[in-house]
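Hi there,

Here is the structure I promised to pass on to you.

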Amino acid sequence: MAGYILRRILAFIPLIWAIATITFFLMHAVPGGPFDQEKPLPEATKRNLEARYNLDGSLLEQYGTFLQNLVKGDLGISFNQDRPVTDIVRERLPKTLQLGLCAFVFALVGGLTLGVVSAVNQNRWPDYLGVFVATVGAAVPNFVVGVFLIIFLALKLGWFDVLGWEFGNPRKMVLPTVALGLLPLAFIARITRASMLEVLRQDYIRTARAKGLQEFKIIVRHAIRNALIPVLTVAGPILAGLITGSFVIERFFAVGGIGTAFVDAVMLRDYGMIMGTTLLYAIAIAVVNLLVDVAYGIADPRIRY
């Protein structure tokens, strides 16, 4: 296992290089530049700005400078905020991580519970209720869920605040967490239900019941653990997507995380911020996929690398 993990970590280097290269050239291939405005800037001002942000050389020279800085851990300077990208990421990332992890825990716990209860009570009212909740959660976009949560729970009942994020304050945490986590909760619930139904029909489950084991022990010790492999497969990408920021929900609830900064960077052609956040997303997805592969071996001892 240690050798497998080391090989995967070494594979991150060409992966990050490839993503950085593709993003860099695609970004510069789009017509226009970060300093092109409806009212053109004076040429002298534009030249000074390009020199300030290392945009005065050829495309290959800019690419070489970018790679040199990247090796040093320098992601450049944000044109919009005139600050190092690493400082902006360090400042905004904690809120995004907190929101993403809260939404993931909500989705994982809720999805597993809903899927297991539905499978154990197949074709009975808990199953119908679970399938209904999962279907609605998968069909309704998260910004629509956010609107309903704001109208009913914040405006009408006054239980929660609408704007801002403060970790440890339920009034500010619940609405964005539920709005962001409902869709992955629905996916996890549906996959858990299908996997549990398949496991519950296996011979070893019937054997355990024939030996007189309690149904609760059969479900917890045998069925759930063997049904986790498909759930882990989808949970990894879901976690990566949630902890790297939700563009819509962060802006919707004014969370102030990295997702909002990325949207603003795209709108303003902020090259440094675009590159920094893209590489952050790539690293997060690669690390989470590695963790999922390791979790496979923990959940199922038959899996070896």
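Below is what I found, starting with the whole chain and then moving to a few places in it.

Before anything else, please keep in mind that this is a predicted model.

**The chain as a whole**

The chain has 305 residues, and 41% of them are buried. Its secondary structure amounts to 13 helices and 2 strands. Along the principal axes, the C-alpha atoms fill a box of roughly 85 × 55 × 30 Å. If you take the contacts between residues at least 6 apart in sequence, 71% of them join residues at least 24 apart.

Have a look at helix α1 (residues 2-29) and helix α3 (residues 59-71). They pack at an angle of about 145°, and their axes are 11 Å apart. The crossing of α1 past α3 is right-handed. On the α1 side, the contact is made by W17, A20, T21, F24, F25 and H28, while α3 brings in L59, L60, Q62, Y63, F66, L67 and L70. Sorted by type, the residues of this contact are 10 nonpolar and 3 polar, with no charged ones.

**A lysine in α7**

Next is K172, which you will find in helix α7 (residues 170-200). A polar atom of the K172 side chain lies 3.2 Å from the backbone oxygen of L163. Setting aside neighbours within four places in sequence, K172 is in contact with D161, L163, G164, W165 and E166.

**Helix α12 and the residue after it**

Which residues of helix α12 (residues 258-268) are buried? They are I258, G259, T260, A261, F262 and A265. Just after α12 comes R269, where phi is positive, at about 55°.

**A valine in α13**

Last, V292 sits in helix α13 (residues 271-299). Its relative accessible area is 12%, and because the cut-off for buried is under 20%, V292 counts as buried. Not counting residues up to four places away in sequence, V292 touches L232 and G236. The C-alpha atoms of V292 and V234 are separated by 9.2 Å, although these two residues are 58 apart along the chain.

I hope this helps you find your way around the model. Write back with any questions.

Best wishes

Note on methods
Residues numbered from 1 in each chain as written. Predicted model: local features only at pLDDT ≥ 70, side-chain atom pairs only at ≥ 80, totals over all residues. Heavy atoms only, no water. Axes fitted to C-alpha atoms, helices over the stretch in contact; angles between N-to-C directions. Helix = DSSP H or I, 4+ residues; strand = E, 2+ residues; numbered from the N terminus. Left-handed = near helix turned anticlockwise from the far one by under 90°. Contact = heavy atoms within 4.5 Å. Nonpolar A, V, L, I, M, F, W, Y, C, P; charged D, E, K, R; others polar. Buried < 20%, exposed > 50% of the residue type's maximum accessible area, 1.4 Å probe, protein only. Polar contact = N/O pair within 3.5 Å; in protein donor to acceptor, adjacent residues only side chain to side chain.
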